[in-house]
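Have the model open while reading.

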Amino acid sequence: MDMKLDIEGFCLCCGTEDVTIFHPLFKGSLCLKCKDNFTETLYRYDEDGYQSYCTICCYGMEVLLCGTDSCCRSYCEDCLNILVGSGTFDALKQVDPWICFMCQPHQKHGALVPREDWSIRVQQLFANYSAMEFEPHRVYPSIPAKLRRPLRVLSLFDGIATGYLVLKDLGFKVEKYVASEVCEDSIAVGTINHDGKIIHVGDARLITEEHIKGWGPFDLLIGGSPCNDLSIVNPIRKGLYEGSGRLFFEFYRILQLLRPKEEDNRPFFWLFENVVFMNTHDKINICRFLECNPVLVDAVKVSPAHRARYFWGNIPGMSRPIIASQKDKLTLQECLEIGREARVTKVRTITTGSNSLKQGKNLSLMPIMDNGREDTLWITELEKIFGFPKHYTDVRNMNRQQRQKVLGKSWSVPVIRHLFAPLKDYFACEELPPMTTSSTITAAASSSSSSSILSSSSSPDLQQLR
């Protein structure tokens, strides 16, 4: 590569000079197409905990993995050989463990130069400036991999511990998970499935500043207050200031108790969820109290069920596009038990009521055919739709109605996985299983669009850059 060229004038991913923005992690730029792909795939992780695609280009088939504990980055053969130098990929395969460019002290590697302010730039890339104007959230620089510590979480209105399940699925070390929940069935689901590792503390309204000081400090506050009195679907809703709507203010109160002081540089993140279909004035008031705009995420993009929800928070990358992973089930048929046939591809929003399982304009269509007869969804199938393991809610002899009730109030697992993934830049993860001596893996195409993305590594633009 001609080292006299200004790397900022080229797209690091495909080599074109028709660039749109600077690359947030390394010196260089991104074209519009590669920028869109970058935002979709940067925080996508495989089941082994590593990035699904190359950290530099977010494409790539064969990738090299960083050997630093809690670093989940990967680098593809093309990027290493083109940007660092010919033969780099094969040479680094012999280094065990190999410490990646983001974990090493800042320095130049051929034409590949990490940006010193990359952790700030990557958050700016995903910033949400829509709707009402608010001061930007405090930006926390990424923590070096070796300095990351386990997560300490406070979950309000915890339900069936979706937050804990997702954090463990993503590979985080969780030092403490304190959960406020009053539903005994939901508490039992969380307790049984997670071996009693969740500390349940009861009603959020009874949590005091003294409790917070005794349990804390916390790194992450999450919660979604009951939506009964906020949802416009409820004709007798009482709104934000009455009934269960007032529980939002318990989240707000505890958020104020947990916010670090200005001189405290410890990263602190929070996430609040509620329904999209609420009165405009209730949404505006929530925005004013939380001092930010929500992002709308619909689980239908990563599951067989519609479930549009607003999420407020300061987790980096919340507004990036949500894209299905290989493990996500996108059609109803994929969630059914053997021998059962789906009559629809997607189902409407599943609530606590049995009527929400019926489909069609008049709610007269049963979603399943079983041996020639119409049938409703089984609970094990509902669990799969939400992304939970099979039999996740099968505790304390709960009946079908009870199990659907706790599921109907829960979060969609793949949606929360999407929102929590950027926290890997801040907190420790479990030690990943040892790889082969080459420390390389092959990234599989995750969706129909991925096949064209992967083939673009041989595009004329990239050939010209070579």
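Arg340 stands opposite Asp370 in strand E13 of this predicted model. The two strands involved, E12 and E13 (residues 368-370), pair in the antiparallel sense over three bridges. They belong to an open sheet of three strands, ordered E12-E13-E14, with antiparallel pairing. Strand E12 (340-342) and strand E14 (373-375) are at the edges; each has a single partner strand, so one side of each lacks a neighbour in the sheet. On average, neighbouring strands here are turned by 35 degrees against each other, direction ignored.

**The seven-stranded sheet**

A second open sheet has seven strands in the order E7-E6-E5-E8-E9-E11-E10, and its pairing is mixed. Its edge strands are E7 (199-200) and E10 (295-298), each pairing on one side only.

Strand E5 (residues 151-156) is mostly covered, with six of its six residues buried. Leu151, Val153 and Ser155 point one way from E5. Arg152, Leu154 and Leu156 point the other way, and they too are buried. E5 runs parallel to strand E6 (residues 174-180), and six bridges join the two. Arg152 has Lys176 in E6 as its bridge partner.

Strands E8 (residues 220-223) and E9 (residues 269-275) also pair, in the parallel sense, over four bridges.

**Two helix pairs**

Two packed helices are described by the angle between their axes and the distance between the axes.

| Helix pair | Angle | Axis distance |
|---|---|---|
| H8 (residues 248-258) and H9 (residues 280-290) | about 10 degrees | 11 Å |
| H10 (residues 379-386) and H11 (residues 400-408) | about 5 degrees | 10 Å |

Angles under 35 degrees count as roughly parallel. H8 is therefore roughly parallel to H9. H10 and H11 are likewise roughly parallel to each other.

What residues make up each contact? In H8, Phe248, Phe249, Phe251, Tyr252 and Leu255 meet Ile286, Phe289 and Leu290 of H9. By class, this contact has eight nonpolar, no polar and no charged residues. In H10, Ile379, Leu382, Glu383 and Phe386 meet Arg400, Arg403, Gln404, Leu407 and Gly408 of H11. That contact divides into four nonpolar, two polar and three charged residues.

**Core and a buried loop residue**

In soluble globular proteins, nonpolar side chains tend to be buried together. The largest nonpolar core of this model has 135 residues. Those with the most contacts inside it are Leu221, Trp270, Leu290, Trp312 and Phe420. Leaving out residues up to four places away in sequence, Phe420 touches Gly163, Val166, Leu167, Leu170, Phe172, Leu220, Ile222, Leu271 and Ile315.

Thr68 is found in the loop between strand E3 (62-65) and strand E4 (74-76). Is Thr68 buried or exposed? Its relative accessibility is 5%, so Thr68 counts as buried; the cut-off is under 20%. Not counting residues up to four places away in sequence, Thr68 touches Trp98, Ile99, Cys103, Ala145 and Lys146.

Notes: Residues are numbered from 1 along each chain as its sequence is written. This is a predicted model: local features need pLDDT of at least 70, side-chain atom pairs count only at pLDDT 80 or more; totals for chains, interfaces and linings use all residues. Side-chain values use heavy atoms; hydrogens and water are left out. Two strands pair if DSSP finds at least two bridges between them. Axes are lines fitted to C-alpha atoms, for helices over the stretch in contact, and angles run from 0 to 180 degrees between N-to-C directions. Angles under 35 degrees count as roughly parallel, over 145 as roughly antiparallel, 65 to 115 as roughly perpendicular and the rest as oblique. Contact means heavy atoms within 4.5 Å. Ala, Val, Leu, Ile, Met, Phe, Trp, Tyr, Cys and Pro count as nonpolar, Asp, Glu, Lys and Arg as charged, and the others, Gly among them, as polar. A nonpolar core is a set of buried Ala, Val, Leu, Ile, Met, Phe, Trp, Tyr and Cys residues joined through side-chain atoms within 4.5 Å. Buried means under 20% relative accessible area, exposed over 50%, partly exposed in between (1.4 Å probe, protein chains only).
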